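I opened my notebook to follow up a few things in this structure: a pocket, a strand pairing and some salt bridges. Here is what I looked up, in the order I went.

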Amino acid sequence: MLLRRLTVGAAVAALSALALPAQAHTVSTPPGRITVDVVGVNGSGCPQGTASVAAASDNTSFTVTYSNYLAQAGAGSGGTEFRKNCQLALQIHVPQGFTYAIARADYRGFAHLQRGAYGQERANYYFQGMAQTARTAHQFNGPYSDNWQASDQTEYQDLVYAPCGEERNLNVNSELRVYPGSSNPQALSFMSMDSTDGSVSTIYHFAWKECPAA
C-alpha cells in the first residue's frame with residue numbers, strides 16, 4: 001500500500017450521490033491546509049512507483065502524474081496490452097466544518113493511432129461506500145499522432161459532496177484502450193496517459209461548502 005501525504009487545497013472533481021442539508025452554503029475555499037493521503041494504487045497502468053501526486057501552490061487542485069501508463073495494439077502487442085487501467089484511493093482531510101465535491105478533471109497524454117485504429121480514455125469517480133457512477137468515455141480516431149486532452153465536468157446542480165463530518169476515500173478510476181480496427185495489424189498504435197488533474201478552478205469555486213453547525 002502506498003501512503004503519501006500531500007498538501008492540497010481543493011480536491012478532485014467527482015460525482016457521487018449524496019446531498020448536503022439545505023442550510024449548508026458554498027464558500028470559495030476553506031481556511032487552513034488540506035491534505036490528501038494516497039492510500040491505494042492498483043492497476044496495470046500504474047505499477048508500484050510509477051504514479052506520483054503533487055498539489056498546486058494555490059491550493060485549488062492536484063495532479064497525478066504517470067510514468068508507465070501506455071496501451072497499445074498491433075505490431076505484435078500482447079493480448080492484454082490494448083487495455084490499461086489505474087485505480088487510486090485518496091483520503092482527503094479537510095478543515096472541520098467543510099466538505100468538497102469534484103467539479104472537473106482534466107486528462108492528458110500522447111497518442112499515435114494508425115488510420116483505421118482508435119483509442120479511448122474512460123474515467124469515473126465515487127466516494128467510498130457509494131455506488132459507482134457511469135464511466136465517461138472520450139474517443140480519438142486515427143490517423144492521429146499528437147498530444148490529446150479530455151475533460152470531465154460536473155454541472156453545479158449535479159455536484160455531489162462528501163458527507164459532512166466523515167472521512168471517506170475518494171476512488172478515482174481511469175482506463176486507456178486502443179483498438180486496431182481496420183488498420184494494418186503490423187503497424188503499432190498506442191495511447192499514453194501523462195497526468196490527471198483534479199481541480200476546482202475559480203469558475204468552480206462553489207465546489208466547496210461549509211457544513212451546517214452540529
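This is a predicted model: local features need pLDDT of at least 70, side-chain atom pairs count only at pLDDT 80 or more; totals for chains, interfaces and linings use all residues.

**Entry 1: the largest pocket**

With those classes, the lining of the largest pocket comes out as 12 nonpolar, five polar and three charged residues. I noted about 390 Å³ of space inside the largest pocket. Its lining has 20 residues, and Gly97, Phe98, Cys164, Gly165 and Glu166 are the ones nearest the centre. Next I looked up which elements give two or more residues to this lining, and found E7 and strand E8 (98–100). E8 gives the most, with three residues.

**Entry 2: strands E3 and E7**

E7 turned up in the pocket lining, and I looked for a pairing partner. Strand E7 (residues 83–93) pairs with E3 in the antiparallel sense, over seven bridges. Within that pairing I found valine 41 opposite leucine 88 of E7. Is strand E3 (residues 34–42) mostly covered or mostly open? It is mostly covered, with seven of its nine residues buried. A reminder to myself: in a regular strand, side chains alternate between the two faces of the sheet.

**Entry 3: salt bridges**

How many salt bridges does the count come to? I get seven, and I followed up three of them.

Arginine 108 and aspartate 197 meet through their side chains at 2.6 Å, N to O. Arginine 108 sits in strand E9 (residues 104–113) and aspartate 197 in strand E14 (residues 189–199), so this pair ties together parts that are 89 residues apart in sequence. Aspartate 197 is buried, at 14% relative accessibility, while arginine 108 is partly exposed at 27%.

Aspartate 106 bridges to arginine 104, with the closest N and O atoms 2.9 Å apart. I have aspartate 106 as buried because its relative accessibility is 11%, under the 20% cut-off. Arginine 104 is partly exposed, with a relative accessible area of 22%.

Arginine 177 and glutamate 175 form a salt bridge too, their closest N and O atoms being 3.2 Å apart. Both ends are covered here: arginine 177 is buried at 19%, and glutamate 175 is buried at 3%. Shared partners join Arg83, Arg122, Glu175 and Arg177 into one salt-bridge network.

Definitions and conventions
Residues are numbered from 1 along each chain as its sequence is written. Side-chain values use heavy atoms; hydrogens and water are left out. Buried means under 20% relative accessible area, exposed over 50%, partly exposed in between (1.4 Å probe, protein chains only). Helices (H or I, at least four residues) and strands (E, at least two) are DSSP runs, numbered from the N terminus. Two strands pair if DSSP finds at least two bridges between them. A salt bridge is a side-chain nitrogen of Lys or Arg within 4 Å of a carboxyl oxygen of Asp or Glu. On a 1 Å grid over the protein atoms alone, a cavity is a set of points where a 1.4 Å probe fits but cannot get out, and a pocket is an open set with protein on both sides within 12 Å along at least five of seven lines; lining residues have an atom within 4 Å of a point. Grid points are joined across faces, edges and corners, and a volume is the space filled by probe spheres set on the points. Ala, Val, Leu, Ile, Met, Phe, Trp, Tyr, Cys and Pro count as nonpolar, Asp, Glu, Lys and Arg as charged, and the others, Gly among them, as polar.
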